[in-house]
Amino acid sequence: MSGGTAPHTAAATIATRCRRGTRGAVNQRVIGRQTSKIPSLIFCNAEGPGADLWGMERPPLGMDELIEHWTVLSDEVGLVSAKQEGTRLAFALLLKYFTQHGRFPRGRAGFPDEVVDYVAKQTKTSVSSLGLYDWSGRTIERHRSEIRDHLGFRECSVADAYKLTDWLAVNVAHAERQPDRVREELLKQCRAERIEPPSPGRITRIVRSALHNAEQTWFHRIAARLDAVTVARVLALVAADNTTVETEDSDDELDEDEGSVLALIKAMPGNVSLDSMLTEIRKLNAIRAIELPAGLFADVAPKVLGGWRFRAAVESPSHLRRRARNAPEATVTLLAALLVEREREVTDALVDLLIATVHRVGARAERKVTEELINAFKRVSGKENLLFTIADASLAAPDGTVREVVFPAVRGGEQTLRELVHEFKTKGTVYRRTVQTTLKASYTNHYRRGLIELLEVLEFRSNNTAHQPVIDALKLVKRYAKAGNTTYYPLGETTPEHKGTLKDWADLVYRADTRGAGGWRGLTPLFWLHVRPYGEVRLDVNARLSIGAIGALGAG
């Protein structure tokens, strides 16, 4: 078998097995395309005997399952025995199938061969008689009627269809938008109310009607929760420009103005930068300016809300405008769902940007300082003998100058001593302090504006008492973020203390009030362990400058 024909042969084999199992009564659909040497998948009707959903041989039913579902019971024997020998087997199969599934099969394909053999032995009939049974004539209609009467079922009437539609809309479709799952619940309800399920086409119409009715009910309910002013704000998101003439044939792909509020709300966040943070803050403020009430969708299933959000996001403004003219409640609900979901997403994006910005500022400061120090660093050798050499030369000429006595005594002269001093400064706490100073300068000169505005739109909380000083510090910064060009916090304010502001960071975070009025005062305590201290703001709006003290300093 060549490589080019093997896939087609394998696919043909699967299809042949499918046809044999269903005796020609099963529809087949190709659900996979031929790719390389992988055979296409063949989908067979699940009712086919011996065939599963993927067209492969289904294992035969075991004896326990046959006994449980296909045994003719004592109260059924008389009903089955009364039928003629030519139709007795088919009647028994219809009876047991309906008892198990609550509906009738579509034809012979619903009965596996082992089931037919098992029931034929009980009814003492030949399996071949099933091939002569008419699956669409008056005989089967009479048999179905007798089975329904025996089991207490009835056909689905028009009134039953309306009742089932209303039940689905209220109890299922309000929270489930998948038609297949709604159909499953419909079949369960039919069995519970002892109603024979209608035809597949009618079931589809009932399911669609229930989904539509449930959604329309939601649209009217959500819109009724909003006042006229809020509704006007929501619809203004898709309002057409007065200078634009909208036609039915207009290009929907180009009708969304890039500068519109709706386009801003739909846009995804950019790369980590101050501009991206400011854009997301502006986006969040635009959403909150609509002033949707809290809990607007509290009783709506998350997947239903997500579906509305997706529809509003992909529909063009022109489509939403046309929808608003015919069904304003639908447009209001879809846009409100988009706003609520986007508010959560933008909030999460801002938190992610904050964390990424914090790490970026710290990483850049460390990288910048490291590069500078590495470029300037040169290890000085012979440091152990350097002190002895300098001491010996100094004692030999105690009255000489450093340039005349010390520099000539050291190999490399003045440059060696400079490199020695620089090497000392690039180690330990000096390096850390340089990083901290660079980081603080980066925040003060660039990122502070975005992070201060972030405090206006996000609320930070923590139920961990260890982090409470961070929360208090953020509140303090927020209170005086727009206090103007001031230096110290007012008298009476308490600056929170945290382990992140101690030790190496203490000098950069706190500054002592040299006038002796209040000890440690003034900080921007975005602590390094959590948000890191970027810059400092010294405020004292209550104190006045002492002219006398200034004069004394000048005289000194």
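Is Arg288 buried, partly exposed or exposed, and what is its relative accessibility? I opened my notebook with that one. Arg288 counts as partly exposed, because its relative accessibility is 33%. A reminder to myself before going on: this is a predicted model.

**Entry 1: the partner of Arg288**

I looked up what the side chain of Arg288 meets, and found Glu343, in a salt bridge at 3.3 Å from N to O. Arg288 belongs to helix H12 (residues 274-288) and Glu343 to helix H15 (residues 328-376), so this pair ties together parts that are 55 residues apart in sequence. I checked Glu343 too: with 27% relative accessibility, Glu343 counts as partly exposed.

**Entry 2: other salt bridges**

I noted the general idea for anyone joining me here: side chains of opposite charge can pair when their charged atoms come close. I then looked up the total, and the structure holds 23 salt bridges.

Next I picked Lys96 and Glu76, whose side chains meet in a salt bridge at 3.2 Å, N to O. Lys96 sits in helix H4 and Glu76 in helix H3 (residues 74-81), so the pair ties together parts 20 residues apart in sequence.

The side chains of Arg144 and Glu141 meet in a salt bridge at 3.8 Å, N to O. Both lie in helix H6 (residues 138-151), three residues apart, which is about one turn of the helix. Arg144 is buried, as its relative accessible area is 18% and the cut-off for buried is under 20%. Glu141, at 41%, is partly exposed.

I also jotted down a network of salt bridges that links Arg148, Glu155 and Glu196.

**Entry 3: how H4 meets H5**

Lys96 had brought me to helix H4, and I stayed to see how H4 packs. Two packed helices are described by the angle between their axes and the distance between the axes. H4 (residues 85-101) packs with helix H5 (residues 113-123) at an angle of about 120 degrees, and their axes are 10 Å apart. That angle makes H4 oblique to H5. I looked up the handedness of the crossing, and it is right-handed.

Which residues meet there? From H4, I listed Arg88, Leu89, Ala92 and Leu93; from H5, Val115, Val116, Val119, Ala120 and Thr123. By class, this contact has seven nonpolar residues, one polar and one charged.

Notes
Residues numbered from 1 in each chain as written. Predicted model: local features only at pLDDT ≥ 70, side-chain atom pairs only at ≥ 80, totals over all residues. Heavy atoms only, no water. Axes fitted to C-alpha atoms, helices over the stretch in contact; angles between N-to-C directions. Helix = DSSP H or I, 4+ residues; strand = E, 2+ residues; numbered from the N terminus. Parallel < 35°, antiparallel > 145°, perpendicular 65-115°, else oblique. Left-handed = near helix turned anticlockwise from the far one by under 90°. Contact = heavy atoms within 4.5 Å. Nonpolar A, V, L, I, M, F, W, Y, C, P; charged D, E, K, R; others polar. Salt bridge = Lys/Arg side-chain N within 4 Å of Asp/Glu carboxyl O. Buried < 20%, exposed > 50% of the residue type's maximum accessible area, 1.4 Å probe, protein only.
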